[in-house]
Amino acid sequence: MFYPEEIVEEVRSRNDIVAVISQYVKLIKRGGNYFGVCPFHNEKTPSFSVSPAKQMYYCFGCGAGGNVITFVMEYENYTFPEALKYLADRAGISLPQVEETEEQKRQADLRGKLLAVNKEAARFYFYQLRNRGGEKGLSYLTNRGLTHETMQKFGLGYSPMTSNALYQYLRKKGWHDEILKDSGLVKIDERGARDRFWNRVMFPIMDINNRVIGFGGRVMGDGEPKYLNSPETRLFDKSRNLYGLNLARLSRKPYLLLCEGYMDVIALHQAGFDCAVASLGTAFTPGHALLIKRYVSEVVITYDSDGAGQKAALRAIPILKRAGLSVRVLSMKPYKDPDEFIVHLGPEEYQKRIGEAINSFLFETDTLRDQYDLNNPEKKTDFHKAVAAKLTEFSDELERNNYLEAVAARHQIPPAALRDMVNRYGGRMVAAEPEEREEEGRPKKKKEKDEGLLEAQRLLLNLLATEPEAYRRIRDILGPEDFTGEVYRAVADHIFGALMKGEPVNPAGILNRFLEEEDKRNQVAAVFNTALSEELSKEEREKIWTETVRRVKRNRLDAQVREETDPRRLQELILQKARLETLHISLD
């Protein structure tokens, strides 16, 4: 789908990037920019920068960068047209009707067909559960305490014992092998067609708009695997979807209950806890955390109380916290999971346990305590050291002291001794960086030279954008053709073109050219986040300007010298290189 450049730029310019990103990321003003924890990778120290002047974001940790349109695309997992429409609606802009490309039409058609196939499959499974042949599945669900109303609410079904029953049904409905294979519901090879799911209780997986995007199946009997999910498809991405979120997002609770499995979610909803969700047969991911953050600011983890469940909770906690979520952990002991707990103790007691759920950091230190024999003085000291080391994770002194006091009281550690230990750990130097490796077939010196040139080009382009008054001093020395690589050349063309006309440089506008090319977009963002320290003297800045211009121009002249065959032209290039050595850029 093609939109005119002026429409894209109007939508971008009418959506302030700080205002938009603040809806998703907690930002703190520092100097002229805003900083927060990067939503695109796991980090503890905020390295995600948002520039109101440039209307750009850039992460100094993972290198992700772009403008307000690309942020919405990445965070919401939107296509470019979807992100543009979202921002246009936000700004009250009516987008013109535009013609889709043939490829876009094909992709939209394929997606529509896959949704239709999944919907038809869900109907088939639903019908099978309630008819002859589905008794085994219905008996299983009934014995687990589920009512018919709950089964209907979640669209539960059954896949028959026959290994190609769904395939035959969908073929009779007019669906062809190619689309059935793409759906992940059927395996087709030289041996024929076979259903992915058979002899299983079926759990349709919905997106937040209640459309079936995949399935989970629980085997009836002793087959393996016990639980089986749809494979990754054009519709189904396990790392970006949560089971039950289509219902939980409508809950009025200020938190979500994070479970391990389908049955936990269903049992909790049936018991009145309509805010329960579960990850889809995969480890909890940053994508899941960001999805949750759209709806709530707090998560109560209610994983199984066995060793595996506790380890899973410990893995999920830092991911949730880095997304800016408050985390507590619920104890279901002596029972294993929410379903079992509610059967034996009831919803009232479970609600009480939610109120008693402990802070995630205290859960982590409790788990740490269980690894040590506290009757052994040496092991007890080791535990105290481990707690002290963990407390150094808090960069804010007030927050660290609050947790220190709570942990000291909880584990009967003398507060003064613990504080002294924390201070000692916090003062240790970070270990030296590992020795650099040489890339295969590429000498280390050559690699460093290339990286140095790229760094010089990034710096020079950003200097020109932020100090346009210096343009007149270098315009006769170098031009866009002196910059190497597609991205840097494109940025140089834009900057030199704007400066030649006396117009301001528009960094966020440059990014509009690379909205759907992530790698190139990140390179552009890196250009406009390569800056000099504001504490440099005028003489130091002039020296950097001079050396950077000299390096970029010299690289271009070296390349021309290697290719030139005309002796007279070669002599001229050599003279230009010589004159570079006496070059001085004055900022007066």
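E467 counts as buried because its relative accessibility is 12%, where buried means under 20% relative accessible area with a 1.4 Å probe and protein chains only. E467 sits in the loop between α19 (444-466) and α20 (471-474); helices are DSSP runs of H or I with at least four residues, and strands are E runs of at least two, numbered from the N terminus. Setting aside neighbours within four places in sequence, E467 is in contact with R541 and W545, contact being heavy atoms within 4.5 Å.

A word on the source: this is a predicted model, in which local features need pLDDT of at least 70 and side-chain atom pairs count only at pLDDT 80 or more, while totals for chains, interfaces and linings use all residues. Residues are numbered from 1 along each chain as its sequence is written, and side-chain values use heavy atoms, without hydrogens and water.

Now for the interior. A nonpolar core is a set of buried Ala, Val, Leu, Ile, Met, Phe, Trp, Tyr and Cys residues joined through side-chain atoms within 4.5 Å.

| Core | Size | Some members |
|---|---|---|
| Largest | 118 residues | I69, L156, Y243, L257 |
| Another, apart from it | 41 residues | A465, F483, V491, A492 |

L257 touches, among others beyond four places in sequence, L268, F273, Y350 and I354.

Across the whole chain there are 25 helices and 17 strands, and buried residues make up 46% of the 588 residues. Of the contacts between residues at least 6 apart in sequence, 64% join residues at least 24 apart.

Conventions. Buried < 20%, exposed > 50% of the residue type's maximum accessible area, 1.4 Å probe, protein only.
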